[in-house]
Amino acid sequence: MAEWYTREGKDNDVVLSTKACIVRNIKGYNFLPRLDDKECQSLIETIDGAIDKDIFMGGSAATMEKETAMRLIRLQVLGREGSQMANPQRKAFYYNDDCSESIAIGCGEHITVRAMAQGHDISVYKQAEKLAMDLESKLDIAFSDSYGFLTSNVRLAGTGLKILYTVALPAIAKTEGGIAALTQRVGQYEWTIYPFAERGELADSNVYIISSVNTLGVTEEEVLRRGEMLITDVIKAERACREEIATSKKEQIKDMYGRAYGNLRYCNLISRSEAIEAMGWLRLFHDYDDGGEINCSWNTLDKLTMDILWEPGAPSKRSGASFTNSQRIRANGIRTILKGAE
Amino acid sequence: MRCERCGKELTNRIIKINGVTYCDNCARLMGYDRYLREPSDILGNPFSPLDQIASSLMQMSELDFGNSTLTCPKCGMTLREFENEGRVGCIECYNTFNDNIVREMFKQQGNSEYAGRLPNQSAETNTTSKEVEKVSRKELESGPAKEVEVKASEPAKTETQEPEKQPEKKPEKGGLTIDQLKKADLGMLSDEDLEKGIKLAAEVEEYILASRLRDELKGRKEGENNG
């Protein structure tokens, strides 16, 4: 089955993905910070028994092969730095065929249910809710009338729900004061926005995550409604900024667009930051290119962007792995995909 | 947006450090002075690192580490551990540290009352994303957005170019002021006044008042359900 992020999503010129995460804990067990290894094993067995094995594969992180872990990082089931693989004997991961739905045990809370879709697609909430309800019907979930679903992290108590939109905003980022203004606007909806990476190679990626904040005082419906209003605002603003930049500085942007494509299409070595920067220029001028020489769909561009952002095993100075080798592999992968698109 | 440490509404400057949003004051208290300074401040003062250490030491007295003797009888977590980590150890902690947890919830979210779905019950939600129509900039500027319905109280939808000024925290039309709420006999207030009061109290960080109003409203609702 095709992996979830290779499908064509709505508004995928701006929104790379939509994700819904729901956390739950089980009565009778302490929360993770106060759960010893033996109890943790018992917790994993209890939850494992409630997971529908006709849909989900996977299991204990301790027995997961490295290749599987790499694939799960690339498909965003595991965090991009693989930090979730620390203490693997206390964790388990389950995922469906295309990895659009997953259940993690032992990552912050007892259970983290996640549903993901390419582009702008809030139906991920229903997918996550369905999975959560299935577990709620089979397990004794920690719930209080006053505080809702109880969690170790009190910031998540209540609905235990987070909606996240990953967005590429090269034009707003290039507009003076654009991100500051957007941050204000996001705050007015009581949501938050933060860069995909605050430091390192991807710090200037122009990719941001827009996330819900409130889990108390609001219904799930209200969270989704505000999120849809907000993301509509963001999409319109980014498109307006692209139009402004592409029309006011057409010659310069067209030049950058062509150069960026040339670099990606024919380079032999490329760093993650250079690749992401080039993709930003492609994104910026994509809809205004009337030359027709460059053939790269939004879907291809999104896939490439996510491949770079969630590239597993990217070497760091600490790891001492070869930068040249990883840059060659990356460049080769990009060339192959762009050649295929032509 | 609120400061994630003290819960104060952010109006002037947003300081984000390691993914956590702080107000000026909290950033200073946490020792992140360098994020508050302009480059010229540092260049102009050759002893700035010494100043920074001295001011941090002076401000140590303002830090509140809470009552460390309060301990959860079930999991053994102390209040200090909760305050440091922001995590509780078990369900019983919610009873043991109730006041501190409610305060934390108000700081983070301006609310501590659950409004979501019950376990094993579906939320009534519309989960169809409408594709945002591609319109030209001129069209966008000339007309209101067609796709999304906006409530009067919600922020209007325009471009993000110009940040709007946050409205001042005043009681909603017809609502009571904080002083009036503090002095009022809560039993005499309408449900609507209580709801408005909770919002207002949370906005001005009167968390104890907000809790009292919330408990009054909750008591009424439970009374209605039982009776």
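In which hand of crossing does helix 7 of chain A pass helix 8 of chain A? Helix 7 of chain A passes helix 8 of chain A in a left-handed crossing (left-handed if the near helix is turned anticlockwise from the far one by less than a right angle, right-handed if clockwise). This is a predicted model, in which local features need pLDDT of at least 70 and side-chain atom pairs count only at pLDDT 80 or more, while totals for chains, interfaces and linings use all residues. Residues are numbered from 1 along each chain as its sequence is written, and chains are lettered from A and ligands numbered from 1 in the order in which they are written.

**Helix packing in chain A**

- Helix 7 (residues 250–266) and helix 8 of chain A pack at about 135 degrees with their axes 8 Å apart (axes are lines fitted to C-alpha atoms, for helices over the stretch in contact, and angles run from 0 to 180 degrees between N-to-C directions). Helices (H or I, at least four residues) and strands (E, at least two) are DSSP runs, numbered from the N terminus.
- That angle makes helix 7 of chain A oblique to helix 8 of chain A (under 35 degrees is roughly parallel, over 145 roughly antiparallel, 65 to 115 roughly perpendicular and the rest oblique).
- Helix 7 of chain A contributes I253(A), K254(A), M256(A), Y257(A), A260(A), Y261(A), N263(A) and L264(A) to the contact, and helix 8 of chain A contributes A275(A), A278(A), W281(A), L282(A), L284(A) and F285(A) (two residues are in contact if their C-beta atoms, placed from the backbone, lie within 7 Å).
- By class, this contact of helix 7 with helix 8 of chain A has 12 nonpolar, one polar and one charged residues (Ala, Val, Leu, Ile, Met, Phe, Trp, Tyr, Cys and Pro count as nonpolar, Asp, Glu, Lys and Arg as charged, and the others, Gly among them, as polar).
- Helix 8 (residues 272–285) of chain A also packs with helix 9 (residues 298–309) of chain A, at about 155 degrees and with axes 10 Å apart. Helix 8 and helix 9 of chain A are therefore roughly antiparallel, and their crossing is left-handed.
- In that contact, R272(A), A275(A), I276(A), M279(A), L282(A) and R283(A) of helix 8 of chain A face L301(A), L304(A), T305(A) and I308(A) of helix 9 of chain A. The contact of helix 8 with helix 9 of chain A has seven nonpolar, one polar and two charged residues.
- Helix 5 and helix 6 of chain A pack at about 165 degrees, with axes 11 Å apart. This makes helix 5 of chain A roughly antiparallel to helix 6 of chain A, and the crossing is right-handed.
- G178(A), L182(A), R185(A) and V186(A) of helix 5 of chain A meet L230(A), D233(A), V234(A), A237(A) and C241(A) of helix 6 of chain A.

**Interface and core**

- The contact between the chains takes 65 residues from chain A and 51 residues from chain B.
- On the side of chain A that touches chain B, two or more residues come from each of helix 3 (124–138), strand 6 (143–144), helix 5 (178–188), strand 9 (191–195) and helix 6 (220–248) of chain A. Helix 6 of chain A gives the most to this side, with 14 residues.
- The side of chain A that touches chain B has 25 nonpolar, 21 polar and 19 charged residues.
- The largest nonpolar core has 135 residues, of which A20(A), A128(A), V167(A), I210(A), V234(A) and V88(B) touch the most other members (a core is a set of buried Ala, Val, Leu, Ile, Met, Phe, Trp, Tyr and Cys residues joined through C-beta atoms within 7 Å). Helix 6 of chain A gives the most to this core, with 11 residues.
- Not counting residues up to four places away in sequence, V234(A) touches V14(A), V167(A), L182(A) and I210(A).

**Chain B**

- Chain B has 10 helices and two strands, and buried residues make up 25% of its 227 residues (buried means 20 or more other C-beta atoms, placed from the backbone, within 10 Å of the residue's own, exposed 12 or fewer, and partly exposed in between).
- A123(B) lies in the loop between helix 6 (98–109) and helix 7 (137–142) of chain B, and counts as buried with 20 C-beta neighbours inside 10 Å.
- Leaving aside neighbours within four places in sequence, A123(B) is in contact with E129(A), T219(A), E220(A), E221(A), G116(B) and R117(B).

**Positive phi**

- Most residues other than glycine have a negative phi.
- C99(A) has a positive phi, near 65 degrees. C99(A) sits in the loop between strand 3 (92–95) and strand 4 (101–107) of chain A and is buried, with 21 other C-beta atoms within 10 Å.
- N120(B) has a positive phi of about 65 degrees. N120(B) is in the loop between helix 6 and helix 7 of chain B and counts as partly exposed, with 14 C-beta neighbours inside 10 Å.
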